[in-house]
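Open your viewer and get ready to select residues. We will go stop by stop.

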Amino acid sequence: MTDEKKALISPSIIASSLSTMGEMVKDFDPAVIDLLHMDIMDGLFVPNLTFGPGYMADLMSRTSIPFDVHLMIETPERSLDRYLELKPWVVTVQYESTRFPARLMGLIREAGALSGLAVNPATPIESVYDIIPYADMVLVMSVDPGFYGQPFMPAALPRIEKLKDFLVREGYNRVKIQVDGGINRENIGRVVKAGADIIVAGNAAFKDGSVNRNVAELKAAIREFLS
Ligand code: DX5
Ligand code: ZN
């Protein structure tokens, strides 16, 4: 017990069975699973298509676990309201998907959710610095978005450290760092040590077996790495 740092884990449901998730979600233990990560993909911003607000609303009625919504869609301003009216915990827009990220984050906050801003691996992390006042969370992508099960890009680690340094230096201690893509038991400790507060896990959360056990093991891997 040398470090107090605790990270939240947000399993990404696209790595599981979307057609049976309504039943499965009833077994997800809210004491273990902190958030549920919703990857909303439109086939335009990313080359994959998932689900929308109707599916999400149905799922939300079946669990008390707060929802973490990651919008990978073009012109998110067109459908943002549909997600906000569901009252998720956080709604994240991709920096690259809109010319008006600060305005959208303002709308998200006005609706009572936390505002998130996601940054792709090819976007300089400094690009978001000027609009941090509008963000409650920055999502550092550690893969190009679109699919679960891709390998973690190691360049994400110095990007997380750089962002963390900036947040500490400028006094933005309230802003959380989320990291998404390719995180597993082997690398999760390094990601948290670099500065992540919230970890998204798709493959690692749902692969062979119980999501409750997988997430508990990811948390144990963080404790082990930091001890
Ligand atoms: C990638 C998505 C991720 C993905 C994570 O486009 O935003 O949330 O589902 O899955 P893993 O952890 O398997 O990379
Ligand atoms: Zn995601």
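Which residues are linked in a network of salt bridges? Select Arg109, Asp136 and Arg174: they form that network. A salt bridge here is a side-chain nitrogen of Lys or Arg within 4 Å of a carboxyl oxygen of Asp or Glu.

This is a predicted model, where local features need pLDDT of at least 70, side-chain atom pairs count only at pLDDT 80 or more, and totals for chains, interfaces and linings use all residues. Residues are numbered from 1 along each chain as its sequence is written, chains are lettered from A and ligands numbered from 1 in the order in which they are written, and side-chain values use heavy atoms, without hydrogens and water.

Stop 1: Zoom in on aspartate 136. Its side chain meets arginine 109 at 3.0 Å, N to O. Aspartate 136 lies in the loop between strand 5 (114–119) and strand 6 (137–141) and arginine 109 in helix 4 (residues 101–110), so the pair ties together parts 27 residues apart in sequence. Helices (H or I, at least four residues) and strands (E, at least two) are DSSP runs, numbered from the N terminus. Aspartate 136 also meets arginine 174, at 3.6 Å, N to O.

**Stop 2: the zinc ion.** Select ligand 2. His37 (NE2), Asp39 (OD), His70 (ND1) and Asp180 (OD) coordinate this zinc ion at 2.1 to 2.3 Å. Donors are N, O and S atoms within 2.8 Å of the metal (3.2 Å for Na, K and Ca). Now pick aspartate 39 and histidine 70. Both are buried, meaning under 20% relative accessible area (1.4 Å probe, protein chains only).

Definitions and conventions. Buried < 20%, exposed > 50% of the residue type's maximum accessible area, 1.4 Å probe, protein only.
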